[in-house]
Amino acid sequence: MLNLKKNTSFINGQWLAGQANTYPVFNPANAQEVSQVLKCGAEETEHAIVAADHALETWKKTLAAERTQVLKRWGELMLEYRQQLAEILVEEQGKPLAEALGEVVYAASFFEWFAEEAKRNYGDIIPTFKAQTKIMVTKEPVGVVAAITPWNFPLAMVTRKVAPALAAGCTMILKPSEETPLSAFALAVLAEQAGVPAGVFNVVSGNAQEIGATLQHSEKVKKISFTGSTVTGKLLMRQAADTLKKTSFELGGNAPFIVFEDADLEAAVEGAMASKYRNTGQTCVCVNRFYIHEKVYESFVELLTAEVQKLKVGHGFVEGVTQGPLINQAAMAKVQRHIDDALAKGGSIVTGGKAHQLGGLFYEPTIIKHANDKMLVAHEETFGPVAACFSFASDQEAIALANNTQYGLSAYFYTKDLKRTWWVADQLQVGMVGINEGIISTAVAPFGGVKESGFGREGSKYGLDEYQNIKYILLGGLA
């Protein structure tokens with residue numbers, strides 16, 4: 001049985017030694033220290049870049065069928081060690097164990113999917129423009145990739161990047177969030193067991209500024225894949241311009257959830273609970289704004305309230321817990337600021353609205369009635385367990401309200417009207433739409449946004465394209 005708990009970075013197939021300079025990782029549920037992690041910086045990152053660049057020459061020439069077997073085995077190992085991976089998630093991120101177990105399965109699904117896509121990386125033969133010639137189009141790995149991932153899904157956000165990158169023939173340096181590096185280290189342990197060659201997958205954690213700057217300034221790094229805030233994404237994009245790196249960014253969201261007057265309200269509430277309160281509201285596709293038709297507003301809020309009040313807040317290892325803590329004090333402060341602002345601007349609390357009696361970083365699942373467009377919750381991503389309920393009178397008004405945001409990641413709506421279904425889906429300015437469904441993330445579909453929610457797609461057949469360059473070849477002299 002492997003021990004997946006490591007506390008140091010992984011470079012060129014080696015675990016770094018030394019504990020002279022470390023930083024702590026805390027459990028957000030109880031503020032207890034989980035581990036001291038070796039703090040790396042520019043020097044270690046440069047070593048990782050050199051290792052990835054060296055490994056690239058062999059890995060990109062490895063047969064697709066061989067890369068397939070490595071990726072499949074990596075995913076299988078994740079499922080074999082599902083319990084241990086989930087426990088690490090609970091300890092460093094705080095989510096309930098049942099939810100953590102679900103994340104492991106979801107994360108492993110990207111290895112399964114892209115292992116198969118590696119064998120289906122087809123090119124084209126294009127009808128030529130000139131006699132005695134052939135036009136061919138091939139796809140090549142972009143090269144060394146730097147991936148920067150967040151703390152809210154510490155496993156899935158990594159596998160969603162590393163699986164397509166390695167399937168395409170790229171090598172990778174991963175910088176996980178400093179709040180949740182242990183999950184990434186655990187993945188590296190399994191990578192070794194799966195047969196990932198040294199230097200193909202490297203993990204560096206520590207001084208975020210030094211690591212990020214070194215990755216961005218390196219001419220060997222050809223692509224940056226980032227999941228995080230829009231503010232940070234814009235900064236990374238500016239930095240990437242100096243070396244013209246290929247970029248893909250999955251940034252902030254402000255998802256609307258529209259309930260039309262003909263909706264199945266029980267189904268809508270079920271979807272709302274899954275989309276809003278999963279991971280304590282700390283998901284990028286989490287609903288931020290509920291727009292409910294005035295004819296069913298009171299009924300929907302009443303049904304939603306009944307379900308929210310059934311949620312159990314607590315430590316992730318306690319049986320029956322469905323809501324863990326927020327990640328840090330800054331998150332707590334933002335949730336409270338949004339609620340205070342809503343109350344000051346005409347909103348009212350239906351349930352919740354304050355820090356939980358457990359103390360620490362726990363917050364009561366909250367519902368706000370009489371929300372309006374002047375409130376912060378209408379324009380900023382709360383990233384917490386707060387459901388702000390707005391009302392609308394017409395389809396046109398609902399669309400105008402839903403699109404009134406700089407973000408465009410995901411949107412959800414419930415209706416039984418087929419004509420309305422197509423019209424609304426076309427009108428929403430987002431990259432992903434859930435119709436009569438509250439959970440839309442899957443390895444087989446393209447995940448990503450528009451506007452200031454970023455660009456590029458992860459998952460699906462389109463996800464492989466993000467890690468490839470297209471080459472056009474004209475073959476002449478075919479007399």
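**Labels against cut-offs**

Student: Why is Lys-369 called buried?

Tutor: Lys-369 has a relative accessible area of 15%. Buried means under 20%, exposed over 50% and partly exposed in between, using a 1.4 Å probe and protein chains only. So 15% puts Lys-369 in the buried class. Before you ask: this is a predicted model, where local features need pLDDT of at least 70 and side-chain atom pairs count only at pLDDT 80 or more, while totals for chains, interfaces and linings use all residues. Residues are numbered from 1 along each chain as its sequence is written, and side-chain values use heavy atoms, leaving out hydrogens and water.

Student: What makes the contact between Glu-298 and Lys-369 a salt bridge?

Tutor: The label asks for a side-chain nitrogen of Lys or Arg within 4 Å of a carboxyl oxygen of Asp or Glu. Here the N to O distance is 2.9 Å, so the pair qualifies. Glu-298 lies in helix 10 and Lys-369 in strand 15, so parts 71 residues apart in sequence get tied together. As for Glu-298, 45% relative accessibility makes that end partly exposed.

Student: And how do you know that Arg-337 and Glu-380 meet in a salt bridge?

Tutor: Their N to O distance is 3.5 Å, which is within the cut-off, so the name applies. Arg-337 is in helix 11 and Glu-380 in the loop between strand 15 and strand 16, so this pair ties parts 43 residues apart in sequence. Arg-337 is partly exposed at 41%, and Glu-380 is partly exposed at 27%.

Student: How many salt bridges does the structure hold?

Tutor: There are 23. One of them joins Asp-262 to Arg-420, with the closest N and O atoms 2.9 Å apart. That pair links distant parts of the chain, 158 residues apart: Asp-262 is in the loop between strand 12 and helix 9, Arg-420 in helix 13. Asp-262 is partly exposed at 24%, whereas Arg-420 is buried at 10%. Elsewhere, Lys-72, Glu-116, Lys-119 and Arg-120 form a salt-bridge network.

Student: Why are strand 14 and strand 15 called paired?

Tutor: Pairing needs at least two bridges found by DSSP. Strand 14 and strand 15 have three, in the antiparallel sense, so the term holds. Ser-348 stands opposite Lys-369 there. Strand 15 also pairs with strand 16, in the parallel sense and over three bridges, with Ile-367 partnered by Ala-387.

Student: Which strands are the edges of the sheet, and why?

Tutor: This open sheet has seven strands in the order 14-15-16-13-12-18-19, with mixed pairing. Strand 14 and strand 19 are the edges: each pairs on one side only. Neighbouring strands are turned by 25° against each other on average, direction ignored. Helix 12 packs on the sheet, touching strands 12, 13 and 16; contact here means heavy atoms within 4.5 Å. The direction of helix 12 makes about 145° with that of strand 16, where axes are lines fitted to C-alpha atoms (for helices, over the stretch in contact) and angles run from 0 to 180 degrees between N-to-C directions.

Student: What makes Phe-129, Tyr-472 and Leu-474 a nonpolar patch?

Tutor: Patch members need over 30% relative accessible area and no salt bridge; nonpolar side chains (Val, Leu, Ile, Met, Phe, Trp, Tyr) are joined within 5 Å, like charges within 9 Å. Leu-474 has 39% relative accessibility and counts as partly exposed, so the area requirement is met. The patch covers about 360 Å², with accessible areas from the Shrake-Rupley method.

Student: Last one: is Glu-319 buried or exposed?

Tutor: Exposed, because its relative accessibility is 73%. Glu-319 sits in the loop between helix 10 and helix 11.

Conventions:
Areas by Shrake-Rupley, 256 points an atom, 1.4 Å probe, with all protein chains shown as cover. Helix = DSSP H or I, 4+ residues; strand = E, 2+ residues; numbered from the N terminus.
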